[in-house]
Structure formats: structure tokens, C-alpha cells
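Q: I would like to learn how to read a few features of a protein structure. Can we go through them one at a time?

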Amino acid sequence: MHLGYAVTAGQDMVINVYRLDSPQEEPAYTLIGHEHNVCALHAASDGTIISGSWDRYVIGRKAASVQVT
């Protein structure tokens, strides 16, 4: 049974996506693109990840193989 994903972000300007059923400490996906702290994060049930940053940009990404449960 797949448990889903945890999505994290912060001052390192990187968004990490971890599989909750994986024993690995490394993220399954790493998303880059912001030039400053990521201060807002939304993961939709269809796999879309939207992030906002102090760089004044909002970035939306659609992960075909990621579905938030």
C-alpha cells in the first residue's frame, strides 16, 4: 500500500518530495526554481505543487507520477 508523499520547503530555496513508504532519507523528487526562501506551499490531490517565495514568484508544477492522498 502506497502511503503518499510529504512535501517540504524552506530557506534553502528547494522543494523536496518524500515518499512516506520509503526507508530512504533522500527525497524522491527535488524541485528547484526559486531564488529566495520558499514561504508558501500547496500540494493538490491531482499532484500539482504550487510554491510561493520571497522572490515574489509563484511556481506551479504538475507531477504526473505524484498523487497526493
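Q: Which residues make up the largest nonpolar core?
A: In soluble globular proteins, nonpolar side chains tend to be buried together. This is a predicted model, and its largest nonpolar core has six residues: Tyr5, Ile15, Val17, Leu31, Val38 and Ile49.

Q: What does valine 17 touch, leaving out residues up to four places away in sequence?
A: Valine 17 touches Tyr5, Ala6, Val7, Pro27, Ala28, Tyr29, Leu31 and Ile49. Two of these names, Tyr5 and Tyr29, come back below.

Q: Where is alanine 28, and what does it touch?
A: Alanine 28 sits in the loop that runs between strand S2 (15-19) and strand S3 (29-31). With residues up to four places away in sequence not counted, alanine 28 touches Val17, Tyr18 and Arg19.

Q: Why does alanine 28 count as partly exposed?
A: Buried means under 20% relative accessible area and exposed means over 50%, with partly exposed in between. Alanine 28 has 41% relative accessibility, so it counts as partly exposed.

Q: How many aromatic pairs are there?
A: A pair of aromatic rings is described by the distance of the centres and the angle of the planes. The count here is one aromatic pair. The ring centres of tyrosine 5 and tyrosine 29 are 6.4 Å apart and the planes are at 45°, so the pair is tilted. It links distant parts of the chain: tyrosine 5 lies in strand S1 (residues 5-9) and tyrosine 29 in strand S3, 24 residues apart.

Q: Are the two tyrosines buried or partly exposed?
A: Tyrosine 5 counts as buried because its relative accessibility is 15%. Tyrosine 29, at 31%, is partly exposed.

Note on methods. Residues are numbered from 1 along each chain as its sequence is written. This is a predicted model: local features need pLDDT of at least 70, side-chain atom pairs count only at pLDDT 80 or more; totals for chains, interfaces and linings use all residues. Side-chain values use heavy atoms; hydrogens and water are left out. Helices (H or I, at least four residues) and strands (E, at least two) are DSSP runs, numbered from the N terminus. Buried means under 20% relative accessible area, exposed over 50%, partly exposed in between (1.4 Å probe, protein chains only). Contact means heavy atoms within 4.5 Å. A nonpolar core is a set of buried Ala, Val, Leu, Ile, Met, Phe, Trp, Tyr and Cys residues joined through side-chain atoms within 4.5 Å. Rings of Phe, Tyr and Trp (its six-membered ring) pair if their centres lie within 6.5 Å; planes under 30 degrees apart count as stacked, over 60 as edge-to-face and the rest as tilted.
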